[in-house]
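User: I have a model open and want to go through it with you. Can we start with the fold and then look at charged pairs?

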Amino acid sequence: MSGSGLDVVQDELPVNEVPVTLTGDVRTGLVLVDIVNGFCTVGAGLMAPTAPDKQISRMVDESVQLAKIFCDKKWPVFAFLDTHHPDIPEPPYPPHCIEGTDEANFVPALVWLENEPHATLRRKDCIDGYIGSFEKDGSNVFADWVEKYQIETILVVGICTDICVLDFVCSALSARNRGHLKPLKDVIVYSDGCATFDLPKEVANATPGALAHPQDIMHHVGLYMALGRGAQVASEVLFAASK
């Protein structure tokens, strides 16, 4: 869709983005969603960008910066890494982020997080990270993380805004509302810290089973849906000393 089409969507579905200031007075955790090669590194796989992508590059840069700040402050970080068994498909998507391949690993700028003591990593084999955090015994790794660190606010970044990020945010909000994520109160989605992929209509029309996925529009729609479910959408993330 053309730029004017994006303008129409933004006009009809406004997203009220506000600056967010984080302090040590509210226990805040950072959640990174699927910032892996298979979704972010050019040419890394069937779901990776085929050329440098400004929106995805911005998301990676912002997420890396936030991860470093959180770790420097010794604030908790939780990272999802999309990882799939080669014999278990995830329709409607083509094979991607297969376990044991570099597609399922952090982008180079985040590899350091693997050895960071304040970070919890969870490999998930489904779109929704909250669902993907359940263990066979019924426990949930993400819920345990929230309880362990007594997290009241989560700041969510990653890819894709309208798919994995949105599904996780919606499930986290529902779990919070049902009392399964105490003491979590607020879910914040940072707009510049999120990104999605681009599949133009003309390419989708020539690809059996594909749906058009205009990047800027779907990024906006993802933010709009998160806002409608009860999340906050941050235009920027600031840090201040505790009171």
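This is a predicted model: local features need pLDDT of at least 70, side-chain atom pairs count only at pLDDT 80 or more; totals for chains, interfaces and linings use all residues.

User: ok, how many helices and strands in the chain?

Analyst: The chain has seven helices and seven strands. Their order along the sequence is α-β-β-α-α-β-β-α-β-α-β-α-α-β.

User: and what's the radius of gyration?

Analyst: The chain has 17 Å. A compact globule of 243 residues would have a value near 18 Å, so the two agree. The C-alpha trace spans about 55 × 45 × 35 Å along its principal axes.

User: what share of the residues is buried?

Analyst: Of the 243 residues, 48% count as buried. The accessible surface of the chain is about 11900 Å², and carbon and sulfur atoms contribute 53% of that.

User: switching to charges. how many positive and negative side chains?

Analyst: There are 18 positive and 33 negative side chains in the chain. The centres of the two sets lie 8 Å apart.

User: and how many salt bridges in the whole structure?

Analyst: The search finds five salt bridges. One of them pairs Asp34 with Lys124, with 2.8 Å between the closest N and O atoms. Asp34 sits in the loop between strand S2 (28–33) and helix H2 (37–40), and Lys124 is in strand S4 (residues 119–124), so this pair ties together parts 90 residues apart in sequence.

User: are those two buried or exposed?

Analyst: Asp34 and Lys124 are both buried.

User: which other residue forms a salt bridge with Lys124?

Analyst: Asp82 does, with the closest N and O atoms 3.1 Å apart. Asp82 belongs to strand S3 (residues 77–82) and Lys124 to strand S4, so that bridge ties together parts 42 residues apart in sequence. Asp82 is buried, as is Lys124. Through shared partners, salt bridges join Asp34, Asp82 and Lys124 into one network.

User: what does Asp192 meet in a salt bridge?

Analyst: The partner of Asp192 is Arg58, at 3.6 Å from N to O. Asp192 is in strand S6 (residues 186–195) and Arg58 in helix H3 (residues 54–72), which puts the two 134 residues apart and links distant parts of the chain.

User: how accessible are they? what are the relative areas of Asp192 and Arg58?

Analyst: Asp192 is partly exposed at 27% relative accessible area. Arg58 is partly exposed as well, at 30%.

Definitions and conventions:
Residues are numbered from 1 along each chain as its sequence is written. Side-chain values use heavy atoms; hydrogens and water are left out. A salt bridge is a side-chain nitrogen of Lys or Arg within 4 Å of a carboxyl oxygen of Asp or Glu. Helices (H or I, at least four residues) and strands (E, at least two) are DSSP runs, numbered from the N terminus. Buried means under 20% relative accessible area, exposed over 50%, partly exposed in between (1.4 Å probe, protein chains only). The radius of gyration is taken over C-alpha atoms; the globule rule is 2.2 Å times the number of residues to the power 0.38. Accessible areas come from the Shrake-Rupley method with a 1.4 Å probe; for residues, only the protein chains shown count as cover. Lys and Arg count as positive and Asp and Glu as negative; His and the chain ends are not counted. The place of a charge is taken as NZ of Lys, CZ of Arg, CG of Asp or CD of Glu.
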